[in-house]
Structures are given as structure tokens and as C-alpha cells.
Amino acid sequence: MASWKFIAVSTVCLLVFLSGNISGLDNGLVLTPPMGWLAWERFRCNTDCKNDPENCISDRLFRTMTDILVTEGYTAAGYEYINVDDCWLERERDERGRLVPDRERFPYGMKSLADYVHSKGLKFGIYEDYGNFTCAGYPGVVGHLSGDATTFASWGVDYVKLDGCYALPTDMDYGYPEFGRQLNLTGRQMVYSCSWPVYQIYAGLQPNFSSIIEHCNLWRNFDDIQDSWASVESIIDYYGNHQDVIVPNAGPGHWNDPDMLIVGNFGLSYEQSKTQFALWAILAAPLLMSVDLRTIRPEYKAILQNRKIIEVDQDPLGIQGRRIYKHRGIEIWSRPILPIQQGQFYSYAVAFVNRRTDGTPSDVAVTLRELGLSNPTGYRVEDLYEDVDYGVLSPQTKIKVKVNPSGSVVILRADAQPGYAFNAITTRTPYTPLNDVFRLTKK
Ligand code: GLA
């Protein structure tokens, strides 16, 4: 049987990353991808507060998560939105046609909840749907665009996710911009999260991405995430396989949304959780945790609060990364980030992913130049999970990383250096414990 323990990556294409000059929804919001907590993936449409008061979609759940975001270090790490998803509404509008939050589960109303979130220094998001109904069957906004936008503004909403169930995908080219216009007319700045492209893609239509970029701050391209590695893999594959269309659309204020983080739930191993977080950062994705923050284990919390990876996600250039290599279960993903040297040499975050299941770690060996890192004055390289610094490496340096199987990741950051004397570097990195898997070769 062939042994793939050592997989030398010999040819990795030099990439031309499109930084583009696409300008997005001009509301000045989310110039880096939004970060926060969103109820849906973990708490779904649990409306049974009698039997399950701790977990039902209710005022109490969102206040609790607000508190934990602040007290457990999530806000300090950058998470700022508390977002309600579906199932917060009464089944009927009131006699004046206004949306009504469920009277039992949100007894103080949404303004009170938004005020509470704001009182903790956070921002408040809400969910609606462009069609006749939300996906779970509650009233949609169609026919009430202006009134509902006004209602949201009056409650102090900072972020609106507008879903697309029970709507005609062909109407969305008009409907999504129109609701965005109504949000703007309120005078309150609200992040606008759209599901416009995904429903059109499902319907076999080609989304008009220039219009989507112009009218939305973020948008979903693909399926809902579920609590499994298979679901995460399907999203990774979709983004990789369609990257030529998807990647150029991202930029400050306008982001592709591969859906929520499921780190800390039931479906992912520890290694797979690290991979989801690392790849979402490479994808410049919104970091919307959907997890029970009351019971999350410390090692998963540490993933979600990994500052170095958050910094990659929040890189001000806002260039979405790409899959640059895929062969026999090994993938390499790369994202250009700051700093840029001499106006042309980007720094990069590089993620090595092993999706093989043959039980033993795989070594991936590649020179920085093969990864597209050609700054003649080199790169300072560090591992973002292992917290080790490999020193400054030249483009011809071959790096070798050991990546565990079954969906594990090694993520590095390579900061392009200004002038640096390479004479100082001989055959090994100053770092010792991992030298057996990460060797410098002589120039
Ligand atoms: C759709 C969306 C999900 C979630 C549900 C709520 O499926 O894609 O993210 O909002 O609706 O019903």
C-alpha cells in the first residue's frame, strides 16, 4: 500500500490575488467581517419554554449569551453582535400591521432586549425574510418593507439578516435592494445580511453579484451549516470549487458568508474545530458563533478566542483567501494579508489541511516560493495555533509541516519582511521542539 505519510508538494501555482476595486454597500459598516453570536445552528426553532426554559428561543437566552460574551472574554477578543434568528415572532402581525415578538417568550419586547444588549456595549441583530413567511413559517416582510424597516430602527436593531424562503428568486433582484433602501431611509445604520444569491443559485439563476455587493454587507452562497464535519467539508469544497466567482466579491464592507461557526458543539472533533476556525479566517468569513456559551469546553473556547487567527480574519485588506493546492486529501489554503512590502509583496496566512483518514499525520513539504511567497527579503513565519515563531525564512526555504489526519489543520502566518540579512540564518530555525518536522534547508 502506498504510504502518504510524506507528501511533497512540488508544484503550487503562483496566484494572482484579486484585490479588486469593487465598492460595496456604502453604509460604512463591517469594514472587517462581523463577529458575534447567532442562535440558529445550535438553538434552532425551539419554542418550548415550558419544558425547556433554558434553551428555548427567548429573551432569557439572548440576555444570558450577552452576559457571557462580556464576562467570558469574547467581547475582548472582538465578538460584538448578539443576533436573533428565526422563531422570535408571533404568528400574526398586530392590527396596525406591525411585527410582534412572541408575547410569552419575549415579554418585554425587542426594544428592551436591544437596550440590554447595548447596555453591555454590544450590538443587536434580528432575523426576517423577504418572502411571505420566514423559513419557519412566521410573517415575512413582503408587503411591509417600509413599516418593518421602521420598526427595526425604532427597536435599535443594528444588524438584519434577511432570509429568502417563500419568495420568488426572480423577485430578489428588486426586493433585496428595496428592503436595503428602506433600512437606509430610517437613518439608523444597520448591517444588511442577505440570502439573495443562495436562493437564486438553488433556482438555477446566475446571481448578479455586482448588485449584491452594492446592496448587502454580507450574503450566503451555499447550504445551511449542520453540526457535522461532512457539512463543514461540503462548505469548504463549495468555496474552493467556486472560488474564481466567489473570492473577488469579498472586500471591506461586503463579505461572503459561509455560515455559522459550529466550534464547541457536538459534531466536530477538536482538530476539525480548529480547521473550521482557521479556514473561516482564510475565507474572510463572518465569525458568528452558534454554540451554547454556558457549557462550551475550555479548549473550544480557546479556539474561538484565538487572537492570532481572529487577526487574520479581521485583516484590514479584506482579501478573501483561496485554495491553492488540492491533491489526495491534502489542501493548502492561502490568504494575502498585511503588511505589504515594497508595494507588492503581501504577507500571507497559509493553512495546510489534511482530509485523509489513514490514521497517521502527513508531512507537507513546500518552499515559500512555491506558495507564492517571493519577497526577496523574506518572511517571518509563525504557527497560529502552536504559538511558535520560526524566525525569518527566505523564499527558497522549504518548510515541512506535519498535519494530523481526519480534517486537521496547521495554520501559519508569514509576514513579509523589510530588508533583512539572511546570512544570519543557517540550517535550522531557532525553535527546537518542532525542528524534526519543520526544517530549513541551506540556501
Ligand atoms: C434558513 C437559513 C438559516 C436559518 C433558518 C431559519 O434555512 O439559511 O440560516 O436562518 O432559515 O429558519
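**The ligand and the salt bridges**

Author: Happy to! A polar side-chain atom of aspartate 163 lies 2.8 Å from an oxygen atom of the ligand; a polar contact is a pair of N or O atoms within 3.5 Å, and within protein, one must be able to donate a hydrogen and the other to accept it, while residues adjacent in sequence count only if both atoms are side-chain atoms. This is a predicted model, where local features need pLDDT of at least 70 and side-chain atom pairs count only at pLDDT 80 or more, whereas totals for chains, interfaces and linings use all residues. Residues are numbered from 1 along each chain as its sequence is written, and side-chain values use heavy atoms, with hydrogens and water left out.

Reader: Which residues surround the ligand?

Author: A residue is near a molecule if one of its heavy atoms lies within 4 Å of it. Here the ligand is surrounded by Trp40, Asp85, Asp86, Tyr127, Cys135, Ala136, Lys161, Asp163, Arg220 and Asp224. Two of these also have a polar side-chain atom 2.6 Å from a ligand oxygen: aspartate 85 and aspartate 224. The protein buries 91% of the 300 Å² that the ligand exposes when taken alone (areas from the Shrake-Rupley method with a 1.4 Å probe).

Reader: What is a salt bridge, and how many are there by this rule?

Author: Side chains of opposite charge can pair when their charged atoms come close. The rule asks for a side-chain nitrogen of Lys or Arg within 4 Å of a carboxyl oxygen of Asp or Glu, and the count comes to 31. One of them joins arginine 355 and glutamate 233, with closest N and O atoms 3.0 Å apart. Arginine 355 sits in the loop between β12 (345-354) and β13 (362-367), and glutamate 233 in helix α9 (residues 229-241), 122 residues apart. Helices (H or I, at least four residues) and strands (E, at least two) are DSSP runs, numbered from the N terminus.

Reader: And aspartate 244 and arginine 322: which is buried and which is exposed?

Author: Buried means under 20% relative accessible area, exposed over 50%, and partly exposed in between (1.4 Å probe, protein chains only). Arginine 322 is buried at 10%, while aspartate 244 is exposed at 57%. Their side chains meet in a salt bridge of 2.5 Å, N to O. Aspartate 244 lies in helix α10 (residues 243-246) and arginine 322 in strand β10 (residues 322-327), so this pair ties together parts 78 residues apart in sequence.
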